[in-house]
Amino acid sequence: MITNKPIAKLTCIVLALLCMGCKQRNIVKHNGEKDLISFKPVLGISYTEIARRSDNGLSFNNSGYQLEPQWKMQFVSNDSASIYSPAKKQFINFPLTRGYDSVFNTARTWLKVKTMTKDSVIIEMLKASGDSVDTRGAKVYMVFYADNYIKNTLHGDLSKCKSPNRKDSIYI
């Protein structure tokens with residue numbers, strides 16, 4: 001029996017280098033769940049809700065009820081959000097509970113972040129029943145613009161943003 005020890009050692013070294021050189025993909029994290037959402041990129045930025053739309057693009061739900069944008073919000077830290085109360089005419093701090101896969105709870109409402117930038121945030125409202133949350137969503141989306149974006153880019157013209165779109169006019 002002929003054995004070539006140098007070739008066997010060389011083969012093992014090459015295979016080891018190949019394995020170390022390949023980037024491992026983290027397919028499964030936290031037992032199949034995604035990482036906790038982080039609000040660090042948008043901390044301290046004030047957002048104003050400019051539209052609330054259902055999945056069909058209308059600001060009216062199936063019963064004809066108009067979904068009006070009402071929220072003003074600022075993420076103070078990863079565990080609290082400041083939300084404007086029109087009744088009290090001031091911002092109120094609410095605890096923020098972060099979940100997996102962009103889901104969070106604040107002001108007794110379960111929400112899911114769809115997109116988050118320094119200029120805008122799109123959040124989907126979730127249905128909650130008892131102790132369970134339907135992460136498939138209620139198919140109602142809240143669109144927020146940063147106050148700086150409204151002031152500098154839109155030049156403070158919120159009426160143009162909050163006005164009904166063409167689809168709403170056709171629906172009515």
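Contact, in these legends, means heavy atoms within 4.5 Å. This is a predicted model, in which local features need pLDDT of at least 70 and side-chain atom pairs count only at pLDDT 80 or more, while totals for chains, interfaces and linings use all residues. Residues are numbered from 1 along each chain as its sequence is written, and side-chain values use heavy atoms, with hydrogens and water left out.

**View 1**
Asn-105 belongs to strand S6, which covers residues 103-106; strands (E, at least two residues) and helices (H or I, at least four) are DSSP runs, numbered from the N terminus. With a relative accessibility of 15%, Asn-105 counts as buried, where buried means under 20% relative accessible area, exposed means over 50%, and partly exposed lies in between (1.4 Å probe, protein chains only). When neighbours within four places in sequence are left aside, Asn-105 is in contact with Pro-95, Leu-96, Thr-97 and Trp-110.

**View 2**
Nine strands form an open sheet with antiparallel pairing, in the order S4-S3-S2-S1-S11-S8-S7-S6-S5; two strands pair if DSSP finds at least two bridges between them. The edge strands are S4 and S5 (97-98), each of which pairs on one side only.

**View 1. Strand S1 between its two partners.**
Eight of the nine residues of S1 are buried, so this strand is largely enclosed by the rest of the structure. S1 pairs with S2 in the antiparallel sense over three bridges, and Ser-46 stands opposite Gln-74 in S2. S1 also pairs with S11, again in the antiparallel sense, over seven bridges, and here Tyr-47 stands opposite Ala-146 in S11.

**View 2. Strands S8 and S11 side by side.**
The antiparallel pairing of S8 and S11 runs over six bridges. Val-121 has Phe-144 in S11 as its bridge partner.

**View 3. The largest nonpolar core.**
A nonpolar core is a set of buried Ala, Val, Leu, Ile, Met, Phe, Trp, Tyr and Cys residues joined through side-chain atoms within 4.5 Å. The largest such core has 20 residues, of which Phe-39, Phe-75, Phe-104 and Phe-144 touch the most other members. At least two residues of this core come from each of S2 (72-77), S3, S7, S8 (120-125) and S11 (140-146), and S11 gives the most, with three residues. Apart from this core lies another, of five residues, among them Ile-50, Ala-51, Val-143 and Ile-150. In soluble globular proteins, nonpolar side chains tend to be buried together.

Val-42 is found in the loop between helix H1 (5-21) and strand S1 (46-54), and Val-42 is buried, with a relative accessible area of 1%. Beyond its neighbours within four places in sequence, Val-42 is in contact with Tyr-47, Phe-75, Met-116, Thr-117 and Lys-118. Although Val-42 and Asp-119 are 77 residues apart in sequence, they are 9.1 Å apart in space, C-alpha to C-alpha.

Lys-89, in the loop between S3 (80-85) and S4 (90-95), has a phi near 55°, a positive value in a residue other than glycine, and counts as exposed at 64% relative accessibility. Arg-108, in the loop between S6 and S7 (109-116), has a positive phi of about 55° although it is not a glycine, and counts as exposed at 79% relative accessibility.
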